[in-house]
Structure formats: structure tokens, C-alpha cells
Amino acid sequence: KQGGKPEHVDAPAEFSFPPTFSVSEIKNKQRRHLMFMKLKQEKRKQKVAIKKKKKKERDALGDKAPPKEVPKTIENQRVYDETTVNPEDEEVAFDEGTDEFSAYFNRLTNPKVLITTSDRPRGRTVRFCNQLATVIPDAHVYYRRGLALKKVIPQCIARGFTYLMVINEDRKVPNGMVLCHLPDGPTAHFKVSSVRLRKEMKRRGKDPTEHSPEVILNNFTTRLGHSMGRLFAALFPHDPQFVGRQVATFHNQRDFIFFRFHRYIFKNEKRVGIQELGPRFTLKLRSLQKGTFDSKFGEYEWVLKRHENDVCRRRFNL
Amino acid sequence: MADKSQVCSVWVGSETGILKGVSLSKKQAFNFCEMSCLSRDQEVCVLGWGDEHETEVLVGSVNGTVKTFSTEKGIFTETRQCGESTQGRFTGIAVTDSALITCVETGLLRVWKEGSTDTVEINAGTNVCRMRQNPSQRNQVATGGKENGLKVWDLERPETPIFTSKNVRNDWLDMRVPEWVRDMSFIPDSDKIVTCTGHHQVRVYDPASPQRRPVLEAHFGEYPLTALSLPANQDSVVVGNTHGELAILDLRKGLVRGCLKGLAGGVRGLQCHPSLPLVATCGLDRFLRVHSLEDRSLQHKVHTNTLSFSYTLSTPEAITGDVEEVKEEGGEVDEVWDTMEMINDQAKKRATDEEEAIVTGVEKTMKKRKVVK
């Protein structure tokens, strides 16, 4: 092979002259490819050698070896958010004791959910709504008929509904959700993605029963996350029926909320078996608005501004 | 309490009735609350200075009470009942020559004289959104609201306003343009008034000119503008809308000079510093931010725990260490600050206060471990 090998001049570490030759400067594609493959193989060999050496050292030290380093992940490296709620914070406790959800959390109201879609939904969205209605107890699905939401809301309030859920559809697939807490509560607008209906789930159990599920809310740490958590918790009745052994999970990770619905069974004290029932989807909060749905004149408590979130990869809002 | 209140340079009122003083040098918010009477009907609607020297803060709440807070002593010194909650929320508060002026949403503008119980009342129409006082002529106030145009009143002649604005001409479809004045401000050294509307317009009115229609109209964004403030020296105005977009508009031509970034929630309160090019904003995202107007960068950001529902007011004292102090006793203040110890909390938030704990059990469980397969 006449490909030029990269020349390494014995120069001191501070400056290197002439500039080192890189593989990408070879004009012939075949030769360039071969050189690149060689380079990669060498690098791989070096990497394996380093790993072997480390393992040897670790074995040699035996018990005195330093503990294995935890790999850095974006969740580990998350920047400390100053809005993270301290559990003993009285102000937040008072705020939550008197906000719009307090009626639910003080057991004065029971949830009643109205599920609807954007106008003229396609089959997938309709099936998704029906499946959601089986997952959420006391949920009713209504056809939209092109009605304006601002006119629907007073009627819902009159009939005692506590939540209005509107699944928005685009190109035959559900892609958005507006969740409005009814008497005068906040309206959250989400982006919905990765919707999997029951048919598409592998190894799923039988259809969910009428029992109220338990609710698990994971990782809602900031003040905004707290509000979101309360929003989701208020969708379900207060007392879960443990007989049904069903659990709905809202897991927040990196500002995406993953919804899963499982049935569990305890095989013994320590082992549990779960089967996934029900639809699964992912939500991302786009805006939280005070008051009922009013996108033009309503006041927003939080709005997702995408470019301002791009500044730091390790900063999250929920 | 007193030393905490003296350090605070910005005052914010919250939804739960707590008056928060924010010290920008320490990046902390301190709560000043009357014993343990937190409740939603104490929600602060308006804040105003009680006197010229900015030693007293007037706090107007939803239930109709106006409390006076002394910044030197650090406690609430007085409470007055100025109307009931049925009459609507306070939309403006001001002080002239020992008389207190309050305005509520239903349009009732009252002047409460010290010592006597009778009040001078003006009916400013219905649905008043804001009432402001002219800083140079303190017996003039302006009111405006939803379908209630800008009116300037002289308190000595309470029957009719001295200036009533007229709505702009019908638009290109020959339909009436709706009006909704959300906030207004008197431009110093002239008669003009600049208003911002819920239909994302900024208008300038000139009572001295023969036309009652706006002299200048500018548009910004697509969302209702909620707050407005005039910076110290330039002919520009800072506005904020419900989406958290803050912009500096130029009043000569009505063009946007620049936007201030960082806010994530609706802007509720906006105040420019009287002499320095700084603007403080508070909003529904529970942060107090101070931006510099020259390079539009964020200077300070302090977390206030509850939704800030009303105005921030800043004192002319040192806003930061690097910014020059305006007060004459600059040197003395420095010394005092050096002698004060730094409060090192674990949390960067406000220091805990002495009120009794009101803990209502938070029933939702956080961080419950997931069931393992």
C-alpha cells in the first residue's frame, strides 16, 4: 500500500511542526477507506489494552481496589434547580393547601373526566380515546362535533365534570393533549408522542377492569413538577382499589412524562410480576395556563421556550 | 426583621398575602408576613410607596384592606379597611398629601383623607384594569380598563375627567376596534400618557393636542400586554405580555428595540429603576428577574416561592454591589453592609420566618419507587 503513513515528527509537546497528516486528506477513496479502517482498528486495540490493564490492576488489588466509578449520565449531571421543592417548605404547603386542586385533595370532589378529540378524528385517535376511558375511572368519551372549547367548558362545569381532556390529532395520529381542570383550574397543553394502543403491545394482559388503579408519580421535583403531579393525581379517584392490582405510572425523566398502565401480582414478599395493559404514551409539557382554556387571553404560568432550553443540556424544568 | 427589611431593594407581593422583600446582593427573598394569617383573600393586588422617601410600603389585598409596612422597622404598622371584597380587587393605589387614593375594578375611585371618614368618590366607569398617579402632578390620576378608555382625572374636580380618550377609527373592515387598556404610565416632563392594551397595542395619548385619539400606536406580539414601565432617560417603554415576552419599544417611531429573554410565565409586574438602566420583573413563573436595559442581559434572578401577583418596587439605593449607589450616604452604606454578616443558608431561598407552621398534608407521594419486575 502506497498510502502515506501519518508522519509523527519528534517535536516537543507544546508545538508540532509540520502539521500532522490526517486520513481525510487522502484523495483516493479506496486507500482512504483502508487507512481509516486501520486507524479504527488500532484505536480499538488500544482501548481494549487499557481496559485489560485496568482490570488486571483491580484484580491485583483485590479488596483494596477503589470502587467502580459511576458513569456520568445527563440525569446525574442535572444542574441543581433552585425551584426544587423542599418537603418542609411551609409556603409551598400552604399554596398547595389552597390552590385549585385543594378541593380534590381535601376529598370534597370526585374526578369526572370528559375525553374528546379535535374535530373529525381518525380511527387511531378514536381507539386511543376509548382505551383511555377504560384506564381512567369515570371517564366519558364524547364526539367533538366541531364545538368551540370555550362553549363546551361551561356546560361541563354545569354537569359536574372536573376535567376536560382534548386529544388533538394530526395526520391520523394523536399528537397533542389539552388537559383542563374544570371549575377554574389550570390548563396544561402537552405534546403527545409514541402512542401504543393495546393491540400493539407485546405480552400484554387482559383488558383493564373497572377497579380504580393506584397512581405512581415519579420524579416531579420542581415547583412546576409539583403542579403537574397534582394535575395527574387529580384525574384518578382518591382511594385505589387494591383488589384490582392495577397501577398507572407517570414517570418524569428529562421533562418527558411516560405513562404506563400495569397489573401486578406479588409472587412472594420480594418478587413481583407485572404485565402491561392499556395504552402507553409520552407527554411533554408545552404550556401551563392559569384558568380554564383561553389560549388568546389567558395568562400563562409557564411556557416552553425551546431555544432558551437549548442553552444547557443538563437543565430541566419538571 | 428590621435589618432584613433594610437590606431589601425590591418588594414583591404574592398570591398568599405575603410581602416579600428581595435582597439582590444576597440573592434571597425574605418573607414579611403578619403573624400567621396567610390566606387567599389576603392576596396582594397592589403595592405602592407610602411616602416620598420610600420608607413605607402600602399593600392592598383582595379583601379590601390596605396595610402599611415600614421598611425601617420591618413590620406592618397600620391596617385600613378601604372597601369590601365585593367591590372588586384593587387596581391602583397612590398617596397625595396624606390622602390615600384607591381604585377598584368596579370603577370606584376613592380618596381617603387622613383622620376623616368621608371620602371623595369618582366613578371611573366599569371594568377598570389599572389606575396610576402622575408622579409630577400628584393630584392627577389616570384610569383605564376593558372597553373603558383612558381617562385622566383631577382629584380636585371629581365630576368629569380632564381628558377622555377616543377609540381609534374603524379598521379596514369598518368594524369597531375593541379596546382594553391594561396598564398606563405618565411620561415625565410632558403631558403624554402611554398605555398598553390587551390587544397587544401600545398607544401614546397627548392631552395637550386637540386630538383625543392616540398620537402613536405600536404593536408587539400576539398576546395581551399586561405591564408597562418607562425607563429613566430614554424615550422608550418596556412592556410585558402573558407569554413572558418582554420588549423594549421605541416611542419615537413605535418600533421594537429589543426583547429581554428569560421569562417563562406571564408578566405581572414590571418596574424600571428611576435612574439606573435596570428593569425588575415579576411574574407567574415565581422568579424575580432584573435585566439591564443597555445590553438586555439578565443581571439577577431570585426565586420567590409563590406566584407574584403584584408589582415590584425598587428603592433608589444600591441594587447591586457593582452598580453605583445613588444615595448621598454611599460610603456609610458600604460600611454598614460590611459589618452585616452574610447569611449563609443551605437553601438559596428565603430565610425561614417566625410564623407558625401551616402544614396541610400533601397527600401525593413523591418519588415512590417503581415496582421491580
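Select A:Asn28 and A:Gln30 to begin. A:Asn28 caps the N-terminal end of helix α1 of chain A, with one of its side-chain oxygens 3.0 Å from the backbone nitrogen of A:Gln30. Keep in mind throughout that this is a predicted model.

**Along helix α1 of chain A**

Now select residues 29-61 of chain A, which make up helix α1. This helix has 33 residues, so at 1.5 Å a residue it should span 48 Å; its end C-alpha atoms lie 48 Å apart, in agreement with that value.

Within the helix, select A:Met37. Its relative accessibility is 36%, so A:Met37 counts as partly exposed, the class between 20% and 50%.

What is the phi of A:Gly62, just after the helix? A:Gly62 takes a positive phi of about 65°.

**Salt bridges**

Side chains of opposite charge can pair when their charged atoms come close. Over all chains, the structure holds 29 salt bridges. The next stops visit some of them.

Select A:Glu91 and B:Lys20. Their side chains meet in a salt bridge, with 2.5 Å from N to O. A:Glu91 belongs to helix α2 (residues 90-97) of chain A, while B:Lys20 belongs to strand β2 (residues 19-23) of chain B, so this pair joins two chains. Are A:Glu91 and B:Lys20 buried or exposed? Both A:Glu91 and B:Lys20 are buried.

Move to A:Arg124 and A:Glu200. These form a salt bridge whose closest N and O atoms are 2.8 Å apart. A:Arg124 sits in helix α4 (residues 123-135) of chain A, and A:Glu200 in the loop between β5 (187-196) and β6 (214-218) of that chain, so the pair ties together parts that are 76 residues apart in sequence. A:Arg124 has a relative accessibility of 21% and therefore counts as partly exposed. A:Glu200 is also partly exposed, with a relative accessible area of 37%.

In chain B, select B:Arg257 and B:Asp250. The closest N and O atoms of this salt bridge are 2.7 Å apart. B:Arg257 is partly exposed, because its relative accessible area is 37%. B:Asp250 has a relative accessible area of 10%; buried means under 20%, so B:Asp250 is buried.

Return to chain A and select A:Asp95, A:Glu96, A:Asp99, A:Arg223 and A:Arg230. Salt bridges link these residues in a network.

**Two loops with a positive phi**

Select A:Lys172, in the loop between β3 (163-170) and β4 (173-181) of chain A. Its phi is near 70°, a positive value in a residue other than glycine. The relative accessibility of A:Lys172 is 52%, and exposed means over 50%, so A:Lys172 counts as exposed.

The last stop is B:Asp189, in the loop between β16 (181-186) and β17 (193-197) of chain B. B:Asp189 is not a glycine, yet its phi is positive, at about 65°. With a relative accessibility of 80%, B:Asp189 counts as exposed.

How values were computed: Residues are numbered from 1 along each chain as its sequence is written. Chains are lettered from A and ligands numbered from 1 in the order in which they are written. Side-chain values use heavy atoms; hydrogens and water are left out. Helices (H or I, at least four residues) and strands (E, at least two) are DSSP runs, numbered from the N terminus. Buried means under 20% relative accessible area, exposed over 50%, partly exposed in between (1.4 Å probe, protein chains only). The expected span of a helix is 1.5 Å times one less than its number of residues. A polar contact is a pair of N or O atoms within 3.5 Å; within protein, one must be able to donate a hydrogen and the other to accept it, and residues adjacent in sequence count only if both atoms are side-chain atoms. A salt bridge is a side-chain nitrogen of Lys or Arg within 4 Å of a carboxyl oxygen of Asp or Glu.
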